[in-house]
Amino acid sequence: SVGENGGGAFVALYLLFLTLIGVPLMLAAITLGRKTQLSVFGAYKSIDKRWSFVGAIAVACGFVILAFYSAVGGWVLYYLKSAILGSLNTKDPAILGEFFGNMMNSPKTLVTYQLIFMLMTMFIVLKGIKKGIENTSKIIMPALFILLLLIAFRGITLKGSMEGIKFLLVPDFSKINMDVAKNALGQMFFSLSIGMGVMITYGSYLDKKENLLSTAVSIPLLDTMAAMIAGFATIPAVFALGFEVSEGP
């Protein structure tokens, strides 16, 4: 999104929307969840039966987003296997591009690895919030941060990466238009999982003594930190290697 929407200007708008809209909505969602101690459907229904459809839409939204994430998760598993076997041991962009194209043109490969990813996800989710998602996150989230930091460090040390860093951090406000603003707002909702019931669900598990304001601030803060590290892991390398900043899957 940063590459397609003006770089630093998009980041500036994203941070503005995050502060003015994201944090208050995050607080509202987790407050509703803790107050009702219900699922997202039940939480909205408890306000007024006429709002039940909003909870239903939130659940449906989760299924739609899972269809996207599970497909990409399948790609990651296929890339992981190929990297371990040495199939990606090349610096030639043409070969790497052909590798992705071959994968996308193989329905059997895509469906198989998406299915494996879904089975892994089901195994974790069926164990519940504490034993499943929370315990798994204690391992995979630190691992994600470490990997991103290593890739970011490699990216910013490449020759020519400084232009990418400037693109990411220095806003060019002349690039801001309604489409960029709309995309920044949409990215904020997407990144924080606001409007799809996730935070209401997590809020229903929070202890009554939990400080909701600090939680509503810390979640967006950590999410934005991860997003910025991911930006440093990709944008500087794109500039250093001479690619178009808005191209590529």
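The legends below describe close-up views of a predicted model.

In this predicted model, local features need pLDDT of at least 70 and side-chain atom pairs count only at pLDDT 80 or more, while totals for chains, interfaces and linings use all residues. Residues are numbered from 1 along each chain as its sequence is written, and side-chain values use heavy atoms, with hydrogens and water left out.

**View 1**
Most residues other than glycine have a negative phi. Gln 37 sits in the loop between helix H1 (8-36) and helix H2 (40-47). Helices are DSSP runs of H or I with at least four residues, strands are runs of E with at least two, and both are numbered from the N terminus. Ser 193 is placed in the loop between helix H8 (178-192) and helix H9 (198-203). Is Ser 193 buried or exposed? Ser 193 counts as buried, at 18% relative accessibility, whereas Gln 37 is partly exposed, with a relative accessible area of 41%. Buried means under 20% relative accessible area, exposed means over 50%, and partly exposed is in between (1.4 Å probe, protein chains only).

**View 2. Phe 68 and Tyr 69 form a tilted aromatic pair.**
The structure holds 8 aromatic pairs. In the pair of Phe 68 and Tyr 69, the ring centres are 5.3 Å apart and the planes are at 55°, so the pair is tilted. Rings of Phe, Tyr and Trp (its six-membered ring) pair if their centres lie within 6.5 Å; planes under 30 degrees apart count as stacked, over 60 as edge-to-face, and the rest as tilted. Phe 68 is partly exposed, with a relative accessible area of 46%, and Tyr 69 is partly exposed at 42%.

**View 3. Phe 167 and Phe 239 pair between two helices.**
The ring centres of Phe 167 and Phe 239 are 5.4 Å apart and the planes are at 45°, so this pair is tilted. Phe 167 lies in helix H7 (residues 162-169) and Phe 239 in helix H10 (residues 212-240), so the pair ties together parts that are 72 residues apart in sequence. Phe 167 is buried, with a relative accessible area of 14%. Phe 239 is partly exposed, at 29%.

**View 4. Four aromatic residues, Tyr 78, Tyr 79, Phe 99 and Tyr 113, form one cluster.**
Which residues make up this aromatic cluster? The members are Tyr 78, Tyr 79, Phe 99 and Tyr 113.

**View 5. Arg 50 and Asp 48 meet in a salt bridge.**
A salt bridge is a side-chain nitrogen of Lys or Arg within 4 Å of a carboxyl oxygen of Asp or Glu. By this rule there are 5 salt bridges. Between Arg 50 and Asp 48, the N to O distance is 3.0 Å. Arg 50 is exposed, with a relative accessible area of 67%, and Asp 48 is partly exposed, at 25%.

**View 6. Lys 130, Glu 134 and Lys 138 are linked in a network of salt bridges.**
The closest N and O atoms of Glu 134 and Lys 130 are 3.7 Å apart. For Lys 138 and Glu 134, the closest N and O atoms are 3.9 Å apart. Glu 134 and Lys 130 are 4 residues apart in helix H6 (residues 129-156), so about one helical turn separates them. Lys 138 and Glu 134 are likewise 4 residues apart in H6, separated by about one helical turn. Lys 130 is exposed, at 51%, and Lys 138 is exposed, at 55%. Glu 134 is partly exposed, at 32% relative accessibility.

**View 7. Helices H6 and H10 cross at roughly 35°.**
The axes of H6 and H10 come within 7 Å. Axes are lines fitted to C-alpha atoms, for helices over the stretch in contact, and angles run from 0 to 180 degrees between N-to-C directions. The crossing is left-handed: the near helix is turned anticlockwise from the far one by less than a right angle, whereas clockwise would be right-handed. Contact means heavy atoms within 4.5 Å. Residues in the contact include Phe 145, Leu 148 and Gly 155 of H6 and Leu 222, Met 225 and Phe 232 of H10. The contact residues divide into 15 nonpolar, 1 polar and no charged. Ala, Val, Leu, Ile, Met, Phe, Trp, Tyr, Cys and Pro count as nonpolar, Asp, Glu, Lys and Arg as charged, and the others, Gly among them, as polar.
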